[in-house]
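Please work through the following exercises with the model open beside you, trying each task before reading its solution.

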There are 2 protein chains.
Amino acid sequence: MSAKGPDLVIGIDLGGTNMRGALFRGLRAAAAKAATDPLGPDEKKALDPVAERREKVGSERAPATMVERMGAMVDSLLEEGGVRGAHVPVGIGLAGMLRGQSGIVAQSPHLGWRNVSLGEMMRTRLGPLHPLVVENDVNAITWGEFVLGAGRDVPDVLAVYVGTGIGGGAVCDGRLLRGGTGCAVEIGHTKVVFDDSARPCACGLKGCVEAYVGGEDLQRRARAELAGGARSAAVGIAGSPEAVNPGHLDAAAAEGDEYALNLWQEIGPLLGVALANAVTLFNPNRLILGGGVLSRTPVLRDYAIAALEVAINPPAQEDLAVENADLGDDAGLVGSALLALAP
Amino acid sequence: MSAKGPDLVIGIDLGGTNMRGALFRGLRAAAAKAATDPLGPDEKKALDPVAERREKVGSERAPATMVERMGAMVDSLLEEGGVRGAHVPVGIGLAGMLRGQSGIVAQSPHLGWRNVSLGEMMRTRLGPLHPLVVENDVNAITWGEFVLGAGRDVPDVLAVYVGTGIGGGAVCDGRLLRGGTGCAVEIGHTKVVFDDSARPCACGLKGCVEAYVGGEDLQRRARAELAGGARSAAVGIAGSPEAVNPGHLDAAAAEGDEYALNLWQEIGPLLGVALANAVTLFNPNRLILGGGVLSRTPVLRDYAIAALEVAINPPAQEDLAVENADLGDDAGLVGSALLALAP
């Protein structure tokens with residue numbers, strides 16, 4: 001069976017917590033149509049997987065184990081799709097830093113991997129007739145939004161996701177930006193505080209925007225301050241200081257809570273300036289914002305946007321639109337699948 | 001005569017002060033060789049123009065006037081090169097913001113132009129048989145360094161020039177980055193100070209790194225502070241406060257002058273962090289530094305590099321080399337010419 005015939009493709013999203021896989025039908029045709037026309041019902045249908053799997057990564061995450069599990073997931077998706085043994089393209093989006101285009105994972109702190117030849121191992125497992133692409137997960141998401149999501153009608157896209165950490169991806173004149181060592185657009189590690197007060201970041205350096213606005217660092221800081229005596233309505237909303245998350249803080253800020261507002265007024269502009277500087281450098285037509293923190297913190301988002309608008313180089317603002325990510329939780333699956341279809 | 005036969009090409013560098021033009025021979029062959037081998041004597045010879053012109057832009061700088069003057073310069077270069085009437089490719093690098101790929105100058109504050117169809121006007125003047133490319137001048141310089149200069153052996157290059165202002169260009173995986181509205185990599189207008197102390201920039205916003213380290217702003221500030229009573233050995237070196245330039249300040253800093261050292265300690269790290277954040281985003285293999293200020297301020301450069309090294313995202317530092325621009329004052333001519341030869 002030809003891979004191009006039935007327009008089937010598999011996307012796999014391998015994160016630190018979950019491993020997901022999906023079989024899509026019609027994605028190639030949808031991508032071709034989306035380049036020129038608005039999405040119609042056929043294109044929206046193509047975004048719904050024909051078959052889908054989700055499992056916890058768990059503690060057994062050695063490369064050989066994960067390769068076998070991903071291989072079994074591919075087999076099972078093809079089986080459910082009624083195309084057992086078909087050589088459909090497979091795209092893997094993975095939380096890690098890739099080196100080159102052959103699927104070498106230079107490092108993945110989430111998976112505990114270093115220098116893993118994932119592409120080669122997967123090719124051995126799947127057989128040489130499955131076209132295979134391995135890509136950083138945020139790059140895959142960005143590519144998905146570029147082809148079929150919030151950036152489908154423009155050539156230059158910058159996508160930034162604020163979740164546990166802060167990640168980003170860029171498409172420049174229709175091409176995914178990877179960088180010299182495969183770690184481009186690490187906007188979370190651009191520095192926004194340079195003085196002695198700069199907060200330490202998980203990367204080992206200080207003053208990164210992730211250390212202020214990344215969900216994990218933000219939550220840890222707020223919980224510590226609230227447990228240490230700071231007063232905020234967020235504690236009442238959450239139940240206890242230890243349960244406070246960014247969404248609770250945003251709800252408190254929306255009600256005028258002083259602690260939450262002060263925090264948002266401190267960190268919102270830091271995110272806004274980091275975004276503005278990246279826009280000044282990449283000059284995208286579309287800035288796409290997403291991620292689990294930003295989707296639950298509309299007040300924080302407003303502070304960031306306000307700072308963004310007064311910090312972008314004016315000529316880069318002329319054709320810029322800021323939009324929310326469009327593909328939601330499936331962006332990684334769709335994007336990985338689309339990368340496997342890309343020429 | 002075929003344009004490809006004799007490997008001739010013309011580069012024009014149109015700035016706010018000077019207009020330069022040069023006829024090159026052998027640049028296409030040199031570029032092809034440089035992609036795989038070190039530069040030999042033939043390649044270095046190709047960088048020396050066969051014929052060259054330079055004139056002041058002067059006050060008569062209306063588009064029609066400049067088109068006629070550039071056309072006459074092309075004619076004269078071909079005449080001197082012994083190939084009158086030959087349809088050699090012409091590349092124009094211009095201090096301004098381009099829109100799209102057809103040579104529309106959206107704006108050039110230096111020339112006082114807005115929405116000028118320079119490409120169309122030049123094609124009319126030269127005739128349709130001259131291949132023609134119009135590009136932003138810093139992009140042209142960056143392309144020159146990428147093909148035949150300090151970035152010739154790597155795919156991802158970021159070039160930053162600190163002169164009167166601060167400009168930048170990027171080549172990502174072998175392609176010049178232009179951006180959605182043709183104003184990518186305006187690193188001079190990334191923000192490095194966000195508080196109320198932020199210095200105003202010529203762009204109309206505040207806190208841009210150019211407002212601190214750009215030669216014009218830096219010189220104005222130092223002259224004002226020294227005329228206002230600040231004491232520095234730079235005044236003795238320069239002769240008077242009104243004559244002080246960044247080179248004098250650097251010479252004073254090298255001798256331990258307190259005023260100059262304090263200034264360099266303030267602004268060097270701002271440049272370093274702006275560079276580091278851009279490296280974290282573009283992840284180049286090569287950061288190329290040039291421009292009239294940096295070439296005369298080795299002490300300031302050291303402060304910037306020291307800050308850069310502790311602010312870059314570590315994975316982006318793995319394969320990064322920082323080098324000085326290689327093509328000197330001719331980079332704009334060479335780069336424009338090379339762009340006219342690019343496929």
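Two strands count as paired if DSSP finds at least two bridges between them, and helices (H or I, at least four residues) and strands (E, at least two) are DSSP runs, numbered from the N terminus. The model is predicted, so that local features need pLDDT of at least 70 and side-chain atom pairs count only at pLDDT 80 or more, while totals for chains, interfaces and linings use all residues. Residues are numbered from 1 along each chain as its sequence is written, and chains are lettered from A and ligands numbered from 1 in the order in which they are written.

**Exercise 1.** Determine the order of the strands in the open sheet of five strands in chain A, and find which strands stand at the edges.

**Exercise 2.** Describe how helix H9 (residues 246-254) of chain B packs against helix H10 (residues 258-282) of chain B.

Solution. Begin with the axes, which are lines fitted to C-alpha atoms, for helices over the stretch in contact, with angles from 0 to 180 degrees between N-to-C directions. The axes of H9(B) and H10(B) are 8 Å apart, and the helices pack at an angle of about 110°. Angles under 35 degrees count as roughly parallel, over 145 as roughly antiparallel, 65 to 115 as roughly perpendicular and the rest as oblique; H9(B) and H10(B) are therefore roughly perpendicular to each other. Next, list the contact residues, where contact means that C-beta atoms, placed from the backbone, lie within 7 Å: H9(B) contributes Leu249(B), Ala252(B) and Ala253(B), while H10(B) contributes Ala260(B), Leu261(B), Leu263(B) and Trp264(B).

**Exercise 3.** Examine the contact between chain B and chain A, and state which helix of chain B gives the most to it.

Solution. First, the contact takes 42 residues from chain B and 42 residues from chain A. On the side of chain B that touches chain A, H10 and helix H12 (314-317) of chain B each supply at least two residues, and H10(B) gives the most, with eight residues.

Terms used:
Two residues are in contact if their C-beta atoms, placed from the backbone, lie within 7 Å.
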